[in-house]
Amino acid sequence: MQGKMIGLFKTAKGLGNMELREVQIPELEENEVLIEVKATGICGTDIHIKHDKFPYWPPVIMGHEFSGIIVEKGKKVTEYNIGDRVVGEPHTKACGKCELCRTGNIQICPEKRSPGWGIDGAFARYLKMPEHLLHRIPDSMTFEEGAVVEPAANVVQDVLERGKVEPEDFVVVNGPGPIGLMAAMAAKAGGAKEVLLIGTPADESIRLPVARKIGVDHIVVAGKEDPIDIVMELTHGRGADYVVEASGSAKAIYASVKMLRKMGRISVIGMTGKNNILFPWDEAIQKVCTIIFNLSTGYTCWNRTISMIASKKIDVNKIITHVEPLKNWEKVFNEIESMKGLKAILIP
């Protein structure tokens with residue numbers, strides 16, 4: 001396809017350095033499709049890139065959470081057709097040769113360069129993607145819902161596939177951001193008996209009311225209440241079966257071990273942004289904790305996530321607070337950063 005489009009670029013290293021630019025519509029390789037982006041989500045990664053706190057290769061079009069329609073395809077594309085509604089795994093440029101790729105872990109290949117930071121991404125009218133990373137979404141799913149498949153897939157993998165919620169678990173979720181709220185929904189869908197979500201006073205205006213709407217059983221405001229005492233009281237001194245750490249807070253990470261039962265599980269999603277934090281190592285040993293660290297997504301969680309969103313087991317509409325045209329990117333970024341919203345969708 002010939003022509004030009006507008007993309008939101010990180011133009012150079014450093015704080016800020018973001019602007020809309022006109023650029024050529026991408027040219028396809030034989031194994032790629034051209035996707036007309038219908039909706040694209042702002043991720044925490046995008047905010048980190050804005051503030052120069054995540055690796056990236058400028059100038060680059062930002063954005064990796066997207067949904068859209070295939071409008072053109074390369075001659076070696078066989079499984080997808082023009083008109084298909086799709087989302088895609090952000091694992092472009094994985095080498096396919098290393099031990100990680102050969103064992104099915106392309107998401108952590110050292111050569112990987114994802115859309116939005118390593119190669120041009122989805123904050124534009126068009127995006128090219130290799131066929132093998134695509135997944136179809138059903139006609140019943142809106143493009144706005146589809147744009148949340150990628151972060152939701154992280155949750156499904158981390159909370160259900162790797163952390164493995166068990167029937168009747170008492171689950172604690174640290175952090176009521178989009179990931180934490182979806183983790184609470186996933187835990188319920190996976191069979192948890194009760195879910196307790198921990199936030200802070202800063203979360204009381206927007207995030208915690210959403211937590212109530214999605215059916216969280218218990219909400220604790222750290223700083224006003226002691227989460228450890230409340231978990232122990234609700235579990236009759238036993239402790240939580242499973243803690244999902246989605247806050248990145250050093251205090252919450254420390255408390256996760258304290259509130260966990262012996263032989264309980266912690267699934268780690270949130271990053272602290274620090275090299276070192278205080279951690280109760282000996283107590284974790286004495287409790288024989290299982291701690292699962294997570295990063296990005298494997299293959300199996302994607303279609304499972306699409307199904308869970310389509311069936312509203314993970315109702316992403318409840319966390320979408322902004323749907324705005326791409327030209328309003330600066331206002332939307334500022335509102336998300338100032339905690340005046342949860343999940344923001346941009347329409348190129």
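Modeller: Partly exposed means a relative accessible area between the limits for buried, under 20%, and for exposed, over 50%. This is a predicted model.

Biologist: Why is M339 called partly exposed?

Modeller: M339 has a relative accessible area of 28%. Buried would need under 20% and exposed over 50%, so the label is partly exposed. M339 sits in the loop between α11 (329-337) and β16 (343-347).

Biologist: What makes the backbone of M339 worth a remark?

Modeller: Its phi is near 60°, a positive value in a residue other than glycine. Most residues other than glycine have a negative phi. K312 also has a positive phi, near 70°, and lies in the loop between α10 (300-310) and β15 (320-325). At a relative accessible area of 40%, K312 is partly exposed.

Biologist: What is the peptide bond from P58 to P59, cis or trans?

Modeller: That bond is cis, with omega near -5°. Most peptide bonds are trans. P59 belongs to the loop between α1 (44-50) and β4 (60-61).

Biologist: What makes E36 and K38 a salt bridge?

Modeller: Their closest N and O atoms are 3.4 Å apart. The limit is 4 Å, so the pair counts. E36 is buried, at 14%, whereas K38 is partly exposed, at 27%.

Biologist: Which residue forms a salt bridge with E36 at 2.9 Å?

Modeller: R125 does, with 2.9 Å between the closest N and O atoms. This pair links distant parts of the chain: R125 lies in the loop between α2 (99-102) and β7 (126-130), E36 in strand β3 (residues 32-41), and they are 89 residues apart. R125 is partly exposed, with a relative accessible area of 36%.

Biologist: How do you know that D84 and R136 form a salt bridge?

Modeller: The closest N and O atoms of D84 and R136 are 3.3 Å apart, and the rule asks for within 4 Å, so the contact passes. The pair joins D84, in the loop between β5 (65-73) and β6 (85-88), to R136 in strand β8 (residues 134-136), 52 residues away. D84 counts as buried at 16%, while R136 is partly exposed at 40%.

Biologist: How many salt bridges does the whole structure have?

Modeller: The search finds 22. E30, K75 and K76 are linked in a network of salt bridges.

Biologist: Why do β2 and β4 stand at the edges of their sheet?

Modeller: The open sheet has three strands in the order β2-β1-β4, with antiparallel pairing. β2 (18-24) and β4 each have a single partner strand, so one side of each is left without a neighbour in the sheet.

Biologist: What makes β1 and β2 a pair?

Modeller: Strand β1 (residues 4-10) and β2 share seven bridges in the antiparallel sense. The requirement is at least two bridges, so the strands pair. K4 stands opposite Q24 in β2. Helix α11 packs on this sheet, touching β1 and β2, and its direction makes about 140° with that of β2.

Definitions and conventions: Residues are numbered from 1 along each chain as its sequence is written. This is a predicted model: local features need pLDDT of at least 70, side-chain atom pairs count only at pLDDT 80 or more; totals for chains, interfaces and linings use all residues. Side-chain values use heavy atoms; hydrogens and water are left out. Helices (H or I, at least four residues) and strands (E, at least two) are DSSP runs, numbered from the N terminus. Buried means under 20% relative accessible area, exposed over 50%, partly exposed in between (1.4 Å probe, protein chains only). Contact means heavy atoms within 4.5 Å. Axes are lines fitted to C-alpha atoms, for helices over the stretch in contact, and angles run from 0 to 180 degrees between N-to-C directions. A salt bridge is a side-chain nitrogen of Lys or Arg within 4 Å of a carboxyl oxygen of Asp or Glu.
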